[in-house]
Amino acid sequence: MRFVKTRTDEGPVFLSDLKNQLIRINPAFSEKKIGFSSFKKFIESLEGDVVEGIITDRRTGHPLVSFRDLDEINSVYVDADECLATCLNSRLRFIGDRAIRTQIFEQILALFKDRRPRSIHEMASSIHPKIDQSVSKATLNRVLFGLGGEGRVFRYYRKDPMVPPIDSPQVLNEFVRSVADIEAVYLASAREAVKRIFPDMDDSEVERVVR
């Protein structure tokens, strides 16, 4: 529904392009997580609802997905989890896939084994080629930057007001010894961010999404 409401071209969309668009909207999207063996089968399940049908492009032979008009689509109930997930993915760039988070956190620990100070920029340049490439470098920078600060994963080694924060050397805080330590900081930071945006949101609602 978010894709249909925000797209600029109302014509059919190539099946492969559609999946890429859905991943941009929600990086954690996977048709296998919701019980479909292929993306095409997932889209076929929406025929008569959001999807009008799947046709074959005469020029390329590739499947094209056509959508129903917005005024023909029944209103869809969007619960608190969905609203929070949208906020986390689009605004906070939260990485919902725990396996990918673990990749990043393992690389952070490996990077600081020599205890040499490194800037966020240096960390991202070293870590990005070694992790799942569905994570953009901009998202990785956001994750790393969010792990810095008092009581978090990194602290400034030597802060110079003339040097941008992303280029200031940082070191690992002493209490950080495992992936679990970084995971705890990351999730706590995400919860804090969501509560700032939705101050009246019940903690249990936040917890169901930030995990």
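User: Is glutamate 192 buried, exposed or partly exposed?

Analyst: This is a predicted model, where local features need pLDDT of at least 70, side-chain atom pairs count only at pLDDT 80 or more, and totals for chains, interfaces and linings use all residues. Residues are numbered from 1 along each chain as its sequence is written, and side-chain values use heavy atoms, with hydrogens and water left out. Buried means under 20% relative accessible area, exposed over 50%, and partly exposed in between (1.4 Å probe, protein chains only). Glutamate 192 has 39% relative accessibility, so the residue counts as partly exposed.

User: Which residue meets glutamate 192 in a salt bridge?

Analyst: A salt bridge puts a side-chain nitrogen of Lys or Arg within 4 Å of a carboxyl oxygen of Asp or Glu. Here the N to O distance is 2.8 Å, and the partner is arginine 152.

User: How many residues apart in sequence are the parts that glutamate 192 and arginine 152 tie together?

Analyst: Helices (H or I, at least four residues) and strands (E, at least two) are DSSP runs, numbered from the N terminus. Glutamate 192 lies in helix H8, and arginine 152 in the loop between helix H7 (137-146) and strand S4 (154-156), so the separation is 40 residues.

User: Are glutamate 183 and arginine 101 buried or exposed?

Analyst: Their side chains meet in a salt bridge (2.6 Å, N to O). Glutamate 183 and arginine 101 are both buried.

User: What is the strand order in the open sheet of three strands?

Analyst: Strands pair if DSSP finds at least two bridges between them. Pairing is antiparallel, and the order is S1-S3-S2.
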